[in-house]
Amino acid sequence: MSMISYPASRPRFSFAHAVISFFIGLLIFFISLFVFITGYQFWYAGRIFPGVQVAGVDVGGLRAQDAAQKIAASVAFPQQGKIVLRDGERIWMATPAQLGLILDPNDSARNAYDVGRSGWILERLREQYYAWYTGHSIQPSMVYDQRMAYAFLEGVAREVDTPTIEASLELQGTEVIVHPGQIGRTVDRYKNLMLISLQLQTMRDGVIDLLVNDSRPVILDPSQQAEMARRMLRQPLTITMPEQEAGQAGPWTIKPATLATMLTF
């Protein structure tokens, strides 16, 4: 007797199975993601998230205390930076620390630690992701004592400030002495202090041209008046009456020494 074999029937894969498989896979994905995120948070609990930098100094993975030490050793701008004040050819150089800029490494480390730890949960995760993927750089915390900058600027001003002097003439006997005027110069404390503050905020070396206010005297050069006085005192002054009154007294002669006592300026 011959036997007839039939091909085995294949299992039918229904749409319901596909949907169930999709949701199971999605559930596994979210569980894995949750486990990863939770583990990530536990792993970096008490430590700065990866990718966080302070002024280019990588502090990711460090505890705040260790990060503060690294920042203090690496951020050298306050002590080694150079700010130059310039007035023409004269220059004055100071470090940012001399101008009152002081690094606060502890506060800088705290700010680095706070990256990815503020806001809603999604905001935190987004900030953590971008810090890891592209890096997140923050400025170091600085303490700025503007009084030190003002004191340094005041020292510079004492060398630059000059009073306004009016020109004058003086007689020594019959000799005319000229005292030329002087243009007054005054350093603008407020505006220059603002320029210093703005330069320090850039965390870069820089040159600041001093803003100086000029005050001109009414008469700066009395050379013309001096020459007039010299001509008057070169010879005696003779006073004569008009010809139609020649019968009256005269002439009169005033010597230069006497005339000098009669001149006023």
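## Aromatic pairs

The structure, a predicted model, holds five aromatic pairs (rings of Phe, Tyr and Trp, taking its six-membered ring, with centres within 6.5 Å; planes under 30 degrees apart are stacked, over 60 edge-to-face, the rest tilted). One of them joins Y129 and Y130, edge-to-face, with 5.4 Å centre to centre and 70° between the planes. Y129 also pairs with W132: the ring centres are 6.1 Å apart and the planes are at 45°, so this pair is tilted.

Y129 and W132 sit three residues apart in helix α5 (residues 121-133), separated by about one helical turn; helices here are DSSP runs of H or I with at least four residues, strands are E runs of at least two, and both are numbered from the N terminus. Y129, Y130, W132 and Y133 make up one aromatic cluster. With a relative accessible area of 54%, W132 is exposed, while Y129 is partly exposed at 41% (buried is under 20%, exposed over 50%, partly exposed in between, with a 1.4 Å probe and protein chains only).

## Strand β3 and its partners

Now to the strands. Four of the five residues of β3 (residues 83-87) are buried, so the strand is largely enclosed by the rest of the structure. Strand β4 (residues 90-94) runs antiparallel to β3, joined by five bridges (pairing takes at least two DSSP bridges). R86 has I91 as its bridge partner in β4. The two strands form a hairpin with two residues between them, and G88 in the turn has a positive phi of about 65°.

## Reading the values

Local features need pLDDT of at least 70 and side-chain atom pairs 80 or more, while totals for chains, interfaces and linings use all residues. Residues are numbered from 1 along each chain as its sequence is written, and side-chain values use heavy atoms, leaving out hydrogens and water.
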